[in-house]
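Hi everyone, thanks for coming. Please take a look at the structure on the screen, and I'll walk you through a few places in it.

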Amino acid sequence: MIPVTKPFLPPKEEYLEYISTVWDTQWLTNMGPLSVQLEDKLSNFLKLENLLYVTNGTIALQMAIKALNLGGEIITTPFSFIATTSSIVWEGCTPVFVDIDENSLNIDPKKIEEAITEKTTAILATHVYGNPCDVVAIEEIAKKHKLKVIYDGAHAFGVEINDRSIFEYGDISICSLHATKLYHSTEGGLIITKDQKLYSKLKSMRNFGFAGPESFSELGINGKNSEFHAAMGLANLPYIEGIIQKRGELSARYDANLAEFKSRKPQWYHQTLQNYAYYPIVLESEALLLKCSDFLKKREIFVRRYFYPSLATSLPYLPNKSLNITDDVSKRVLCLPLYVDLTIAEIDMICSLMLKCTD
Ligand SMILES: *Cc1c(COP(=O)(O)O)cnc(C)c1O
């Protein structure tokens, strides 16, 4: 059986070494020593200041919207995971879907301006598959119209453009450290902001809004994570560079094998250090996609229609909105199996099967 993804697990002894310190300190959660250590190590690794380790990526999004005091309409992409949209609705705002760019599969900055109204307060864009959005164009629009920018960087751990972490962009960026993501702490999330005031506010919000033992500065929530989760993050971190490199090699093999296949890859932002979080392809037709996934499934190889369907046409709590490119691409996009212990031989087999199922 070949699944579409497989969570990485560190050597058990290395994880248990961290866990055993919990018995020494008797500190289980509430930003104990392991969580603090994880934040420090991640700040160093990603070359970022003001990074907060939180419960998960969804809470990170909700806290970002709350901390920026957003209301009204938030312009966003329909080609993302559900949490991008649901967080907007959960925070009492209205998502306004803007179509994606056909090549990058990220929100199309050229279409953002026409969606801006008096009620627009922010842009929430996803770096889909870890491919950076056009951050320069988005920043320009945001400045011109005095909008806030949040980046859903759930897929973008380790991604850089021009030697800087992609998380430096926007008012706030978030990342997910969920088990299925490239780098994980079982469950977990990150919030990053360059704004010192916003950072302090988010830090207090993460801990119920406490300012001191008996005082409050904010409306807060329980956005903390436990020492057990931080232990997983710490045990995984030494392996991440090797993981990214290996995934890069596997992706290159797919590229070579599938050169003649009737599909294309998303176009990556220029000067990007990639993280190979996924291996997405856009097939020539939905019919070919269905035929192919079925063919592979019969041989216990599992691919994923990620993202399908469009968020703008599938949510019971929002009116449907058709968008040409998103509707079309979401029907034809597929993520192929990619995880660190997948072998070149397995990729060759997957690809030869795919090449056989052209119509
Ligand atoms: C996984 C994911 C999230 C949610 O992160 P969790 O840590 O699972 O809450 C948000 N946005 C995108 C694009 C994701 O893929």
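Let's start with a word we'll need: a residue is buried if its relative accessible area is under 20%, exposed if over 50%, and partly exposed in between, using a 1.4 Å probe and protein chains only. Helices (H or I, at least four residues) and strands (E, at least two) are DSSP runs, numbered from the N terminus. This is a predicted model, so to speak of local features we need pLDDT of at least 70, side-chain atom pairs count only at pLDDT 80 or more, and totals for chains, interfaces and linings use all residues. Residues are numbered from 1 along each chain as its sequence is written, and side-chain values use heavy atoms, with hydrogens and water left out.

Now find helix α8, residues 227-236.

Next, another serine. Serine 173 sits in strand β8, residues 172-176. Is serine 173 buried or exposed? It is buried, with a relative accessible area of 0%. Its side chain reaches the backbone oxygen of tyrosine 169 at 2.9 Å, and a polar atom of that side chain lies 3.4 Å from the backbone oxygen of phenylalanine 167. Leaving aside neighbours within four places in sequence, serine 173 is in contact with residues including Tyr151, Leu190 and Ile192.

Finally, the ligand. Which side chains have an N or O atom by it? Threonine 58 has one 2.6 Å from a ligand oxygen, aspartate 152 has one 2.7 Å from a ligand nitrogen, and lysine 181 has one 3.2 Å from a ligand oxygen. Two elements give two or more residues to the shell around the ligand: α3 (57-67) and α4 (82-90).

Notes
Polar contact = N/O pair within 3.5 Å; in protein donor to acceptor, adjacent residues only side chain to side chain. Contact = heavy atoms within 4.5 Å.
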